[in-house]
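Me: I am new to this structure, and I would like to learn how to read it one feature at a time. Could we begin with the way the chains meet?

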There are 2 protein chains.
Amino acid sequence: MADNAQDVCSEYGVSVEEDAVHLRDSLLEVAGLSELFKVLADETRTRILFLLSKRELCVCDLALILEMSLPAVSHHLRLLKVMRLVAYRREGKQVFYSLDDEHVVELISVAGKHFGEMRETGGRNG
Amino acid sequence: MADNAQDVCSEYGVSVEEDAVHLRDSLLEVAGLSELFKVLADETRTRILFLLSKRELCVCDLALILEMSLPAVSHHLRLLKVMRLVAYRREGKQVFYSLDDEHVVELISVAGKHFGEMRETGGRNG
DNA sequence: GTAACAATTAAACAATCGTTTAATCGTATG
DNA sequence: CATACGATTAAACGATTGTTTAATTGTTAC
């Protein structure tokens, strides 16, 4: 019967019908993962994490480099703290942040590799 | 002078001042990467990509498994097409989609590893 | 204690995003 | 050609998100 059939919809393909349960269950494997991608979905946060992977920086340094307002930077750092991606320590009036996660750089690296290969093969020019 | 100094701000730390240029330039390395993370930032899209990494599926199959409306699924697939992450072929009335990118599964894998280790060490309980 | 600076927080606003509903397109069938 | 079904598109709506502005907290120096 339908062994590797792939249609379902109305015409009772039944195909996936059995697999549907299995496939739906398998979604547990990726449950919640998008929360991490949400963090990197903002260009500013990707930049912050990338900078912090190079060296420890205080908030006003980041604001200077990124040419952004202090509250804006602080706002992003708050999320990074909640997600436990950065560590911070107070030194006088300043607060220094550093990267506290090993997977972030890996994710950035893979994404970079992706667009790198994209440019070689994919490009939409001739 | 300031060699590994890390303060700047107003009190003329000058520290990063030189590095600021270098650090700002280095941001080119991560320019645009968040576009890929934006795709995965939505739980539904992560699920779709994950399902397509397991087998080819038509739109109504996805709608069935994800328990979502057809337009909603189609809407997400549109973005995945634009981003060249999926391939598609028409077969009669149905359109079958499949994963057409090797990095997506890698990203999902790393994210999964992240939360996996998070649960071991990080947990917010004692 | 006051002043100055770094940082955080809160409220307000614009902009973006995802779903729904309805309409349209494409293909197969009678 | 009309009907049915799968898929896409468009408009509309609600919800979320990121930045700005202003106010507040924490620390150092006078």
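Me: How many residues of chain B are in contact with chain A, and how is the size of such an interface expressed?

Reply: This is a predicted model, and in it 68 residues of chain B are in contact with 67 residues of chain A. The size of an interface is often given as the accessible area lost when the parts come together. Between chain B and chain A the buried area is about 5900 Å², and carbon and sulfur atoms give 63% of that area.

Me: How many salt bridges does the rule find across the interface of chain B and chain A, and how many residue pairs are in polar contact?

Reply: The rule finds 6 salt bridges across this interface. One of the places to look is the pair D19(B) and R55(A), whose side chains meet in a salt bridge with a distance of 2.8 Å from N to O. Across the interface of chain B and chain A there are also 20 residue pairs in polar contact, with both residues at pLDDT 80 or more.

Me: Which elements of chain B supply at least two residues of the side that touches chain A?

Reply: In chain B these are the helices α1 (15–26), α2 (34–40), α3 (43–54), α4 (59–66) and α6 (103–122), together with the strands β1 (57–58) and β3 (94–99). The largest share of that side, 13 residues, comes from α6(B). When the residues on the side of chain B that touches chain A are sorted by class, 32 are nonpolar, 11 are polar and 25 are charged.

Me: What is the order of the strands in the open sheet of chain B, and how do they pair?

Reply: Strands of a sheet pair through backbone hydrogen bonds, either parallel or antiparallel. In chain B, the open sheet has 3 strands in the order β1-β3-β2, and the pairing is antiparallel. Because β1 and β2 of chain B stand at the edges with a single partner strand each, one side of each is left without a neighbour in the sheet.

Me: Which residues could I follow to see the pairing with β3(B)?

Reply: On the side of β1(B), 2 bridges join this strand to β3(B) in the antiparallel sense, and there C58(B) has F96(B) as its bridge partner, while L57(B) stands opposite Y97(B). Strand β2 (residues 86–91) of chain B pairs with β3(B) over 6 bridges, again antiparallel, and R90(B) has V95(B) as its bridge partner. β2(B) and β3(B) form a hairpin with 2 residues between them, and G92(B) in the turn has a positive phi of about 70°.

Me: Why is β3(B) described as largely enclosed by the rest of the structure?

Reply: The reasoning rests on counting residues with under 20% relative accessible area as buried. In β3(B), 5 of the 6 residues are buried, so this strand is largely enclosed by the rest of the structure.

Me: Where is E67(A) placed, and is this residue buried or exposed?

Reply: E67(A) sits in the loop between α4 (59–66) and α5 (70–82) of chain A, and this residue is exposed, with a relative accessible area of 64%. Although E67(A) is not a glycine, its phi is positive, about 55°.

Me: What about R84(A), and in which loop does this residue lie?

Reply: R84(A) lies in the loop between α5 and β2 (86–91) of chain A. R84(A) has a positive phi of about 60° without being a glycine, and its relative accessible area of 38% makes this residue partly exposed.

Key
Residues numbered from 1 in each chain as written. Chains lettered and ligands numbered in written order. Heavy atoms only, no water. Contact = heavy atoms within 4.5 Å. Buried area = accessible area lost by both parts, 1.4 Å probe. Salt bridge = Lys/Arg side-chain N within 4 Å of Asp/Glu carboxyl O. Polar contact = N/O pair within 3.5 Å; in protein donor to acceptor, adjacent residues only side chain to side chain. Helix = DSSP H or I, 4+ residues; strand = E, 2+ residues; numbered from the N terminus. Nonpolar A, V, L, I, M, F, W, Y, C, P; charged D, E, K, R; others polar. Buried < 20%, exposed > 50% of the residue type's maximum accessible area, 1.4 Å probe, protein only. Pairing = 2+ DSSP bridges.
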